[in-house]
Each structure stands twice: as C-alpha cells, then as structure tokens.
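I opened this model to look up a few things and note them down. The entries follow in the order in which I checked them.

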Amino acid sequence: MPELLEVERYREVAVTTIGRRITSVHAPDRWFLKGGLDADGLRAATVGTTVAAVRRHGKVLLVTLDSEAVLGLRFGMTGRLVVDGRAPIEALEYGPAIERPEWDRVTLEFADGGPLRLNDPRRLGGVELDPDLRRLGPDAWGLGLSALRRALAGTASPVKAVLLDQSRIAGLGNLLTDEILWRAGLDPARPAGGLTEVELRRLQRAIRTTLPQLYAQGGSHTGVLQAERHDDGRCPRDGAVLVRRTIGGRTTRSCPVHQR
DNA sequence: CCGGATGTTCACCT
DNA sequence: GAGGTGAACATCCG
C-alpha cells in the first residue's frame, strides 16, 4: 500500500466527510470485504449513520461512525482514495496512472457532497468492520526510543523484517524501511535483538526525522535511495555499488560500506 | 514474453 | 515455536 505517509494524505482528505450522513454503500467485490463481512452487513452497519471521526494507525485508515462502529480501510499496494472526486495521490509509484470505475471496490455515498471511493486495481486492499487494532504495533510516526527498543527486543529476525512487521511497528513499508536503515547506517540483515544502545538511538532518530521529511517532500518514494533502486545503483553517501537482497520477503537495497 | 513492483495473509517447510 | 518461502490477489511497466 501506500505506506503510512500516503495513508496520512488519504486521512487528510477523508476528514472532510466528518459530519456527513451515509445514504448508500456499494461493495460489489465480495473478496474485498474482510473478516466475514459482506455487502449486506456493511450496508447495515453504515447506511443512516454519520461519520464521527477519521484517524490513521499505521497503514490503516479508520472511519468511526456515530454508531461507534469503525470501518478499517486498507489500501494494499495500489489502493487509491477518492473523496468528492479529489484523489490526493493520482498515481501510486507502482500502480497504473489511470483510474477505472470497475476498480472501485467500496463506495460510500453521502447526503451531501460527493462519494468516498476506494479504487484498487489489484484488489490487494480491503475493508473491515471493527478491525482488531491490538494486532498492530505502535505507530511509526513519532515512535519513541523505549517503544522501538521493545519492538526489536527478543528476536533474531533481521531488523528490516521486524520494522516491516506491522504487529511490531505499524506503518513502515519496503521503501521507507530501506531509506531509514540507510540513514541509520545499519545493515538490514542485522539481528534485531542484537543492536547496541547506540545503534538503537541512531535508528530511532532516523525514523523520527525521515518520516516528516519524506512526508513534506511528497511521499515514501522521495528518499535519497529511491533513484538508486536499480541494478548498478550506487550509495549516495559513499558511491559504493548497492547490494540487492531479499530480506523479510522483500527486495532490499543497502550499502555494503556504511551500513554495518 | 517475463519478471517485478509502496502489501497482507495463509499454507507449508525447516 | 520461531522463521523462512511461495502463492494468491491483478495490473502495469521496462
């Protein structure tokens, strides 16, 4: 999905639906509804209610209704949010530039204003009623040192795999994780539980500074490593040819010189 | 034509 | 039990 920076932009446009009453729901794709939810159940839980709050945890957008039901919206890799015809992100980095109506997986229509649509070509996202937030770790934005220490403790898994694990820390995806580890000067394959206190501080600082900076620049793909994500890509810091590996199931690029 | 791409989940191994 | 791998979802792009 979009990583937490992109979902944060979705949140900003979604808050404009607060106070608006839902008049109808379209959910033609059964597969997109998660946790045993079907279109009738979604309709019963939402139609006639008013949007009371919109917030984000990790990569999940949470729409709270005045019935106290909560809709959890996930965007997979290619999910777009469109509200009142406004798409905060027109084209995702790895998604199609165009938008087709048949890719609208869930649509909420309101008594006033245009609809909220989740448009997802690849159907990797989903919508859930009352998602279990206990399955998510603390949000990566503003993550403190003690929370990071807790998240990494007690596992020999590669630090990158742990940063990607949404139940440990919520919000980081593949691009952000590579960028953060590059900035922290840490090898993504290092066992998470084996970091020294000094390294933990470096990592926490990289998380704390990278997220607002890339957010201000326009998203997860605006890191300095992004332009070098190809064969023969070189480290922007010291010029070494970047190493490409699979860690945590994802393509990982890192500098063999300064990431140790 | 083939392989891979900001993600999650699950079955199946080791 | 902890981790890792591959498949599935479906489309676009180089």
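I began with the DNA and found a base nitrogen of DNA strand C 2.6 Å from an N or O atom in the side chain of Arg122. I count a polar contact as a pair of N or O atoms within 3.5 Å; within protein, one must be able to donate a hydrogen and the other to accept it, and residues adjacent in sequence count only if both atoms are side-chain atoms. Arg100 places a polar side-chain atom 3.0 Å from a phosphate oxygen of DNA strand C.

The model is predicted: local features need pLDDT of at least 70, side-chain atom pairs count only at pLDDT 80 or more, and totals for chains, interfaces and linings use all residues. Residues are numbered from 1 along each chain as its sequence is written, chains are lettered from A and ligands numbered from 1 in the order in which they are written, and side-chain values use heavy atoms, with hydrogens and water left out.

I then listed what surrounds DNA strand C (a heavy atom within 4 Å); among the residues are Trp103, Arg123, Thr155 and Ser157. Of the DNA strand C atoms within 4 Å of the protein, 67% belong to sugar or phosphate and the rest to bases.

Next I looked at an open sheet of four strands, ordered β1-β6-β7-β5 with antiparallel pairing. Strands here are DSSP E runs of at least two residues, helices are H or I runs of at least four, both numbered from the N terminus, and two strands pair if DSSP finds at least two bridges between them. β1 (22–26) and β5 (80–83) are at the edges with a single partner strand each, so one side of each has no neighbour in the sheet. β6 (residues 104–110) and β7 (residues 116–119) pair over four bridges, and Asp104 has Asn119 as its bridge partner in β7.

Last, I checked helix α5 (residues 174–184). How many of its residues are buried (under 20% relative accessible area, 1.4 Å probe, protein chains only; exposed is over 50%, partly exposed in between)? I found 10 of its 11 residues buried, including Asn174, Asp178 and Trp182. Their cover includes α1, α4 (159–164), α6 (197–217) and β10 (250–254). Just after α5, Gly185 has a positive phi of about 70°.

Key. Contact means heavy atoms within 4.5 Å.
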